[in-house]
Amino acid sequence: TRHKRTALTRSAMASRHWPARSMSWMPLTRQMSSDAGQVRTYIESRLPEYVLQASERQLLYGDGQLARELDGFFTSADVQSYKWSQGKIGDTKYDAIRRAITLAHVAGFPVDAVILHPNDWEDIETIKGNDGHYIRVQFYDNAGNPMVWRTRVVESHHIEQGDFLVG
């Protein structure tokens, strides 16, 4: 069952002790740790990226447990799912993405992007015909982003290989 969240007033929040939680860690050398300025610069330059990575993992696979977890797209009961193998016999990953886009449109949700693991995107880009020629010609939008089925592709190493998300 999902954790039930309750609203807290300002006074209740002020009196409650919130546990510290580590979202990520940053390696420091001994030499760096002896130089406060270098540590500050390192943290200011790297920490935002580490927080973004932890947030991306939560948005994809967070289980919604406790107040510190987000409900991820793949763990939410409200998200329609479609697996690579659900299509017709002989369908490729390329076909599965098109079928998922159609399901989203039919449900009333326009699709702006497809999120894929880099290995899955490579599989799609390198599909060959029986004679060895590449089937797919690469298309890009005006900003230089790769496109599949008129939809922007976002590669993420945080999405598990074999999963994809359209939305």
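Buried means under 20% relative accessible area, exposed over 50%, and partly exposed in between, with a 1.4 Å probe and protein chains only. The structure is a predicted model, in which local features need pLDDT of at least 70 and side-chain atom pairs count only at pLDDT 80 or more, while totals for chains, interfaces and linings use all residues. Residues are numbered from 1 along each chain as its sequence is written, and side-chain values use heavy atoms, with hydrogens and water left out.

View 1. Histidine 158 is situated in the loop between strand 4 (151-155) and strand 5 (164-166); helices (H or I, at least four residues) and strands (E, at least two) are DSSP runs, numbered from the N terminus. With a relative accessible area of 11%, histidine 158 is buried. Its side chain makes a polar contact with the side chain of histidine 157 at 3.4 Å. A polar contact is a pair of N or O atoms within 3.5 Å; within protein, one must be able to donate a hydrogen and the other to accept it, and residues adjacent in sequence count only if both atoms are side-chain atoms. Leaving aside residues up to four places away in sequence, histidine 158 touches Gln53, Glu56, Arg57, Leu60 and Tyr61, where contact means heavy atoms within 4.5 Å.

**View 2. Glutamate 125 in helix 5.** Glutamate 125 belongs to helix 5 (residues 118-125) and is partly exposed, at 31% relative accessibility. Apart from residues up to four places away in sequence, glutamate 125 touches Tyr134 and Gln138. The C-alpha atom of glutamate 125 is separated by 6.4 Å from that of arginine 136, eleven residues apart along the chain.

**View 3. The salt bridge of arginine 99 and aspartate 91.** A salt bridge is a side-chain nitrogen of Lys or Arg within 4 Å of a carboxyl oxygen of Asp or Glu, and by this rule the count is three. In one of them, the side chains of arginine 99 and aspartate 91 meet at 2.6 Å, N to O. Arginine 99 is partly exposed at 29% relative accessible area, and aspartate 91 is partly exposed at 23%.

**View 4. Lysine 93 and its two aspartate partners.** Lysine 93 forms a salt bridge with aspartate 120, their closest N and O atoms being 2.6 Å apart. Aspartate 120 lies in helix 5 and lysine 93 in helix 4 (residues 93-106), so this pair ties together parts that are 27 residues apart in sequence. Lysine 93 also forms a salt bridge with aspartate 123, with the closest N and O atoms 2.7 Å apart. Aspartate 120 is buried, with a relative accessible area of 0%, whereas aspartate 123 is partly exposed at 36%.
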